[in-house]
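Me: Hey, I've got a new structure here and I'd like a quick walk through it. Can you help me get my bearings?

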Protein chains: 2
Amino acid sequence: VVKIAVDAMGGDTGPEVIVKGTIEAFQETRQDLVLVGDEKRLTPLLKDCSSISIQHASEIVEMDEKPSFAIRKKKDSSIVRAIQLLKEGKVDAVVTAGNTGACVAAATIYLKRIPGISSPALACPMPTPEGICLLLDVGASLDSKPVDLLQFAIMGDIYIRQIMKKESPSIGLLNIGEEKNKGNRLVKETYELLKKSGLNFAGNVEGRDIFSGKVDVAVCDGFTGNIILKSLEGLVGIIESTLKREIEKKLLYRLGALLSQGAYKVFKDRTSYASYGGAPLLGIKGYCIITHGATSAHAIKNSIIVAQQEVKTRINEKIENFICKKKFDKISY
Amino acid sequence: VVKIAVDAMGGDTGPEVIVKGTIEAFQETRQDLVLVGDEKRLTPLLKDCSSISIQHASEIVEMDEKPSFAIRKKKDSSIVRAIQLLKEGKVDAVVTAGNTGACVAAATIYLKRIPGISSPALACPMPTPEGICLLLDVGASLDSKPVDLLQFAIMGDIYIRQIMKKESPSIGLLNIGEEKNKGNRLVKETYELLKKSGLNFAGNVEGRDIFSGKVDVAVCDGFTGNIILKSLEGLVGIIESTLKREIEKKLLYRLGALLSQGAYKVFKDRTSYASYGGAPLLGIKGYCIITHGATSAHAIKNSIIVAQQEVKTRINEKIENFICKKKFDKISY
């Protein structure tokens with residue numbers, strides 16, 4: 001049985017949503033689940049489900065706190081407690097909707113990197129017409145080197161093979177154009193590494209290909225990836241608020257929106273990357289999945305299921321074996 | 001009277017849309033407008049408006065052609081002809097919906113940079129709740145240095161002052177977090193330059209702030225900006241296609257969509273950056289505005305009006321004066 005700790009206090013939604021998703025995951029998977037957070041708040045929420053245990057944590061890292069500072073100061077926060085359960089081997093994986101930076105910092109500090117991995121990567125599943133494209137890194141690394149991006153590609157490849165059960169995933173290098181000689185120094189050098197990597201390298205892809213279905217994995221440095229991800233969130237935000245404001249203006253529009261809301265719900269679920277079960281943090285000794293702060297019970301449930309698959313397929317072992325075998329640490333960059 | 005050349009053949013929509021927008025601009029502004037393109041196709045489209053002249057160009061740079069190669073090969077393309085009219089002083093500005101890379105390449109090769117400017121920048125107006133945020137550079141530069149980003153900020157500041165008539169525009173540095181010490185080497189060094197620049201520097205901003213209205217100008221390197229812009233386009237594409245597919249599924253949804261379509265039209269215009277009149281190419285000796293390839297008559301009209309404002313307010317002179325006065329070329333990076 002896989003044992004998973006769920007940070008019940010992280011995110012913007014409050015523990016109710018997270019507990020609901022955790023209960024749904026338990027009903028579907030019957031895994032051993034631990035909610036980490038304020039016992040007093042969690043106990044009443046769990047009254048129908050005594051099979052899920054609680055690990056008390058008295059503090060919360062807020063969404064706007066400075067990650068590294070918060071991690072050091074709040075030793076009894078739900079995220080630090082959850083990561084420590086993982087470090088001590090009391091659980092096999094952690095799922096959190098909390099402060100992304102704090103989770104990455106806690107995981108990097110307490111769990112350490114997989115031997116041979118030079119930088120961890122946060123991998124975000126993005127919707128495509130027929131499935132997903134795994135975009136990485138979206139913010140676990142900085143000032144990446146070509147070998148880092150090569151390792152991101154390898155980790156993405158292994159993740160798609162194991163979790164999405166897809167053979168020979170196609171890997172794209174995010175660039176400003178498709179021609180071989182495009183881009184800045186980093187991507188030009190990475191291109192050469194990917195070409196001889198033995199991966200199914202599809203060459204350079206552009207920003208729009210994140211959503212086009214052209215590749216299964218899109219690789220970029222963490223600076224670019226983080227800004228892309230937050231820009232996309234910003235656009236979705238302004239689309240939703242503008243649309244809502246316009247619809248409010250006329251009774252006719254409100255009626256129309258009401259009639260067609262079923263279509264919008266499906267569309268929203270489909271294009272919300274949260275519904276794919278959150279972003280796995282790859283390259284760390286231990287399985288962590290970070291969902292969007294404004295998470296849903298559905299996303300929490302899916303994250304727990306993905307975490308379970310990560311543990312069962314032992315993707316970290318596979319990453320370590322691949323990296324050690326190829327001895328990428330000997331490539332000097 | 002300001003004289004503006006409009007590339008009639010560029011873009012994905014065909015010359016009909018571009019001619020329509022040009023006629024609308026003429027009716028509103030009575031400026032001297034020249035359509036550049038295939039005379040045989042353009043003459044019948046202009047039958048009601050003899051005041052707009054035509055400059056024949058026999059070739060077209062297609063949207064998927066390699067920019068620098070196409071520019072060298074197709075000397076009689078509408079974009080090259082338009083840029084050459086500008087170089088020869090026969091027009092004051094160029095508006096195009098064509099291949100962005102080809103336009104940037106042609107402008108850089110034939111018109112050259114403004115003295116003191118180390119790199120041109122393509123500036124894209126993005127929608128915010130109350131107005132726009134000018135994002136630059138979205139793809140005219142590569143491997144930017146801190147001084148390039150400082151110059152982007154200066155050009156953005158001058159553009160917002162002159163075109164949007166806003167005093168003391170706030171400038172944000174696009175980064176992965178708001179704290180001062182965040183980011184890669186490039187943005188950390190740029191931060192220090194912006195702090196002592198005398199501009200209204202609002203510090204680091206995140207991707208979502210492109211749309212939040214927090215700043216008037218968001219500065220980033222051309223690699224990051226280009227990938228952001230194309231990712232946003234990709235997301236809008238998948239949102240539209242998914243929504244359309246879902247709505248098609250039920251009569252009820254189709255009816256609802258029909259009733260509320262007025263709200264969607266306003267929302268689409270509002271969030272389409274094309275409606276703000278295209279992206280000015282800043283830092284080049286000559287005024288060029290590049291609109292989205294899938295342009296509308298409305299966007300072409302607005303681009304012509306913005307080009308006219310650029311010429312009348314002489315923003316290039318102001319950029320040159322500012323850069324020379326501050327002697328940024330003496331900062332060694």
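Me: How much area do chain B and chain A bury between them?
Reply: About 5,100 Å², with 72% of it on carbon and sulfur atoms. Buried area here is the accessible area (1.4 Å probe) that two parts lose on being put together, summed over both. Mind that this is a predicted model, where local features need pLDDT of at least 70 and side-chain atom pairs count only at pLDDT 80 or more, while totals for chains, interfaces and linings use all residues. Residues are numbered from 1 along each chain as its sequence is written, chains are lettered from A and ligands numbered from 1 in the order in which they are written, and side-chain values use heavy atoms, leaving out hydrogens and water.

Me: How many residues are in contact?
Reply: 53 of chain B with 53 of chain A, contact being heavy atoms within 4.5 Å.

Me: And how many salt bridges between the chains?
Reply: Four, counting a side-chain nitrogen of Lys or Arg within 4 Å of a carboxyl oxygen of Asp or Glu. E206(A) and K230(B) form a salt bridge, at 2.2 Å from N to O.

Me: Is C124(B) buried or exposed?
Reply: Buried, at 3% relative accessibility (buried is under 20% relative accessible area, exposed over 50%, partly exposed in between; 1.4 Å probe, protein chains only).
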